[in-house]
Structure formats: C-alpha cells, structure tokens
Amino acid sequence: MRNTNVWKAAAAATVLLLAAGCGSGGGGGGGGDAQGSGFRAPDVPMKKTLGKGEGQVNIIAWAGYAEDGSNDPKADWVHPFEKQTGCKVNTKIAGTSDEMVSLMKTGQYDTVSASGDATLRLIASGDAAPVNTKLVPNYKDIFAGLKKQPFNSVDGRMYGIPHGRGANLLMYRTDKVKPAPDSWRAVFEDAPKHTGKVTAYDSPIYIADAALYLMKTEPQLGIKNPYALDQKQLDAAVALLKKQHAHIGEYWSDYQKEVTAFKGGDSVVGTTWQVIANLAEAEKAPVKAVLPKEGATGWSDTWMVAAKAEHPNCAYKWLDWIVSPKVNAQVAEYFGEAPANAKACEETSDAQHCATYHADDESYYKRVHFWTTPVKQCLDGRTTVECTDYAQWTRAWTEIKG
Amino acid sequence: MDPSLDGDQGLTGRQPVTSPKESTPKAASRPARPARPGRPGRFGRPGRPGRPARAGARLRLAALLTPPLLWLGLAYLGSLAVLLLSAFWTTDSFTSDVVHLWNTDNFRTVLTDPVYRTITLRTLGVAVAVTLIDALLAFPMAFFMARVASGRWRRALLVAVLTPLWAGYLVKAYAWRVMLGEHGLVNAVLAPLGLSGPGYGLPAVVLVLAYLWLPYMILPVFAALERLPTHHLEASADLGAGAWRTLRLVVLPAVRPALFAGSVFTFSLSLGDYLTVQIVGGRTQLLGNVIASQVTLDLPLAAALSAVPVVLIVCYLAAVRRAGALDSL
C-alpha cells in the first residue's frame, strides 16, 4: 500500500510538470518579451566630487587582475595601493562574465573588471553607475581607441575606465596543421581535416566568431557587426557552429586546460588568447597564434563602479591606481594583454611587450571586434529589424552543443 | 529487563544521537511504572494504539527531534521548495534579473524543446550505463571478498576498495584526463594492440563515473554477501543445484536489495554530475552542465531543468522501494 502511495506521488509530480508544460500555452507567455523596446540606460547619478576614502573597497576581478603577492611574490600591486590610500582591498575572483554580472547583483561590491559582453548588461540593469572621468587623472593617458566605445559607454558617457584589451586569435600546432592557416576557415570548412582535435571557446559569445566569418564569406547575409544579428543571421551562424560541433574535441573556458590540450596534442587548432599561446610556447609546445585575415573577436575590460557602491571613494582611487602607468604595465605583463594606458608601454620590464600585444597599433585593433552584449536594438544601427539578444544567444549555444 | 522500559527503548533506540548512557540509567532509576498491555507504539504511526508518553519524555523527545527536523524542513526541503518555486518566475532577457512574474514557460521549454529531451535521455543513458557497469564489476569482486578470500586477503581488498575514497574527486577525474589524453597511458598501452583509447567524450564520461562510484556499489553488496548464511549455499548444493543455479536462485535474490541500494548511489550521483563531464567529456553536454551554465544567466530555467533529475530520482527511488531494497534501512 505504501508503495502505491509513492507511485501516486511520483505520478502526481509528473502530471504537475506536464500540466505546467501545457498549461501556459494560452495566456502566460509574457515573460521574455516584456522589455521589447530595446536599450536605454537607466538614470543612475554620477559621482560629482571625490571624498575621503572609506577604509576599504570590495572588488570583483578576473584572476590576475588584483594580485597581492600571494600567487607570485613579485606580482603585488594591492599592498602598495592599500599603503598609499588606506583602502583595504577585498578581492573576489570571478571565472566568467556571467558570474561577474550575478555577483554585481548582490550589491556587495564596489567595482568590477567587466568585459564587453557584461558591461551593457550591468548598465541596463542599473547595477553600474556612469563614471566621472575627471575624478580619474590617469584617464587622459588611455589609448583613444578604447575611449567611448559601444561596449563601455552609452550616449557618449563613459561607464568605466578601460583596463586592457586582447584579441581572440587562431592557434594551431605547427607540426600538425599544414599549410599554416591564415583564415578562420581552418576551424569551419577545414575542420574535418582535424576532426576531434578542433577547439572553441565555451561561451554563447563565441557565436560572434562564426558571425564574423560569415560576414566575410557570405556577404549576402548582410552581417555588418558580429554582435548585431537578426534571427536569420543568427540561424546561419548557429548552422555553421552545429556543423563545426561534429569536429570539436572539446570546448574550453579554462585557459590552463587549453594550454595542456595543445601541449598534449588533444587540440591542434582553435581559438586562443595571446597569454595562452605564450604559456604553451614557454612549455615547448609547437604552437603559433595568428590574427586571421578576416579579423577576430576580442575583449576589452573596463573597471566599472557599482551604482550602490558602499565605498565609492576607494573605488575611484582603485580605478585611478589600476590604470596608472606603472601598475597598468605590471598587470598587462602578468596577465598577458595590451595595457590601456599609453604611458604603460614605457614601464614594462619587457621592452617588446607593447609590440607583442599591438598595444598602440590601432590598425591592428581595427580588425578586432570587441565583445559587446548583443541586444534587441541592433548595434549596427538597423531599425527595420529586431536583433537577437544575449538570452537568445545563450539558448542557441545550448542547442549548438546538443 | 523491566518490560516498562521497552517504550523508551523503542523511541530512543532509533535515535543514535542520544547517548544511551544518559537516557537508560535515568529511566532505570525511575520507580517502576505499571506495565501497559499491548505493544509499545511509535509516534506518528497510524493504525496502532499509541501509548500516551509522559510529558517529560515528550518534551525530551521534542527537544531531541526539533533541531534535525528544523534542519530537514527549513534548510533541506525548504531550499528545494524555493528552487522549484523560482522555476515559475522569469528572467529579464537582457539584464539576467529574475522577474517575479508567475508563469510556466520554463517547464514548457524544458518539456517541449528537443534539445533538452536529447540531453535528458543522454544523461539517463549515462546513469543507467554507469549503474550496470558498476553492478557487473562489483558483484564478482564483492563475492570474492565475502565468500572466497581469507581474512587477510579480505582486509587487504577492503582497504583497496576504500583507499580511492580518500583521494579527492577532482584529483581522480584529472588523473583520468591525463590517462585518456592523446599521449596518455591508455593510448600507450593499447597502441601495441593496434587499438586506441576512447579519448575525451561520452565513453570517457561513463568510464570515469563508473570508476568514481564503484566503491559505493561494492560495499553494500559485500555486506549483503557476508551476511548470507553458508548453509543456504550448502543446502542448495545438497539439493543438486549447480553453481549457476545457486547463484541465480539463492545468491542473487539475497543480494538484490543491496544491488539496488548501491544503484541508488551510482544512479543519482551520475545523474547530477557535471565536473567529470567538464574534465573528460570533450564536447559532451549533460543535464548538470546545462544547469550550471544557466544558473547565472537564467536562474528560473536552471531551476526548471533541475526538476528533471529530481523527478527521475523520485521515480527511481519508488521503483527501488517497490523492489524492497529500502525495507532494511
């Protein structure tokens, strides 16, 4: 008798789920479309003047951005900051952009090193405040190519201080992939040549890499900006990625895993960051990273201030500190990226650093389409169609991976 | 022993939390209570005449049970309830903010979108495969340990089964990642035979999960086989049954509940796993991975997805219970 009760309960649970599934067909479909109108920045006040430090600051950072010497005694720019400003730094390391966005929603943090695929989301949800660049003296030395970009400003107003940038390059094993590729074709049409050994970045934002390729190879699709895709264009990118999926060995999001995969030969061709190529080369892996002829997607990080920051003064002091020439050079070298501050190039211990990372090469970065959050209102200026937003990209990404 | 104590023993005996030192002597020093007729009842069991406990005993029992029940009710089941509840909300598609707007779209998506059906079936397949492999590997191993091996061998084998449990889950999974790699141990061993290992992917996931959960299957089966009286086997042999017939008609029925108990571990742990898939799964996507990737972006959808393994487990537990495996718990 008790057995049948359990069965009844299980059956009831199933029926409930089924009912939930079918029941909403008629009325409850409102959810996602509620915000159909597109992107408007909510009215969040900007800081007018700088006051005294509050004694501490809570920051969310990418690994390697706020080093206090505990990972590498030589990499420490947190303690000097604390000594100089009296602001104690509490760091929370985030693994992904999505994690950064959800951490900022808790309201416990003052500043975040957000990448371009997170910034607009933070601005739109009112979690980030516009930044008064007059209160950040080092802002004047930031490369012009990083200021007032679509991913870090709205209506000509900066929502953060640029920190650094890098491109998502094409990496390949020189002993396995011949001839040397110079096109993203190597991971799409040519993927069958290395089936099971192709790798791609594991994030919905990777859809932009396929869109960028289609932008050059299938101009009739009319893609102008890989982050502004209407439904038809998104479908084409998804179809391309589904074809690629059959030849993918694994998707990567952990850079260490990608280094070992290339070193061990489990991956032979795929997307990468400059820092990964450097690490793999340092470990004697026969790899090379190139910026393909179609250009590439890339990332540019911005230090943003929380709208409800409890320690705004210390947050502003941190913003100014992290992009000051010397510290910016330290971070850029430690992490492996192009610094944002033009003066940082004179401070790097490796004189070639800025050249390796094309820090001041605006023509190089013209070919890099920095991560931007896809939104309903087309970023390329089209008004006749509605573009697909990040939620749609996320669902598409699940579908691509199958 | 004073029969009037049976009541207290019945209550406290099931609660290992109570130190017997404390409760029993106190009860024993009490003036003898008048013996009550009938079997002592247990709390909350309907259909039997409950014995009215004394106020003090009730109070003690309440004090004893309140913290675990609060924990179970609030922290454990409560969090599950909140999870299920949030599945009925929705997410702002742009800012990822949870919008408290009641709707059932998430469940509809999970049930109707073919990609989630594929992923659910794949996950279920992995859990079933892992359970079968573990059962097939555990049975002879446990049989040898319980019935054949001498005391010294048995101890050594028990230690061998338990030792991997001391190592961290991640360490073991990464060790397999190294072994299964292109230039790993598996390929090196198989190369002379003209074969190659599974590489990263679904077979690797099944292999590593079967490895990780094997001790959880061996131990209950071992315990059941150890309890199996030798004269059952002797009687079977005396009656003319061969080894296979004895195995089928005597041994298997005796260990079936233990096999099911072990399968609850292997099945439910496989169903929820996502780290192994991340480490050796290559491009494979299982339920756990989809939930993990949705948690920060679309919590309500992730909650709706989490309901899928919950329902599967409930169904599985019900099936196992029907088979009688949980009666001895």
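Is A:Tyr65 buried or exposed in this predicted model? A:Tyr65 is buried, with a relative accessible area of 0%. Buried here means under 20% relative accessible area, exposed over 50%, and partly exposed in between (1.4 Å probe, protein chains only). The model is predicted, and local features need pLDDT of at least 70, side-chain atom pairs count only at pLDDT 80 or more, and totals for chains, interfaces and linings use all residues. Residues are numbered from 1 along each chain as its sequence is written, chains are lettered from A in the order in which they are written, and side-chain values use heavy atoms, without hydrogens and water.

Over all chains, the structure holds 26 aromatic pairs. Rings of Phe, Tyr and Trp (its six-membered ring) pair if their centres lie within 6.5 Å; planes under 30 degrees apart count as stacked, over 60 as edge-to-face and the rest as tilted. A:Tyr65 and A:Trp303 form a tilted pair, because their ring centres are 6.4 Å apart and their planes stand at 40°. This pair links distant parts of the chain, 238 residues apart. A:Tyr65 lies in the loop between strand E1 (56–62) and helix H2 (78–85) of chain A, and A:Trp303 in strand E13 (residues 296–306). Helices (H or I, at least four residues) and strands (E, at least two) are DSSP runs, numbered from the N terminus. A:Trp303 is also buried, at 0% relative accessible area. Both residues belong to one aromatic cluster, whose members include A:Phe81, A:Trp252 and A:Trp371.

In chain B, the rings of B:Phe88 and B:Trp102 are stacked, since their centres are 4.7 Å apart and their planes at 5°. B:Phe88 sits in the loop between helix H3 (55–86) and strand E1 (90–91), B:Trp102 in the loop between strand E2 (98–99) and helix H4 (105–112). The pair therefore ties together parts 14 residues apart in sequence. B:Phe88 is buried at 14% relative accessibility, whereas B:Trp102 is exposed at 57%.
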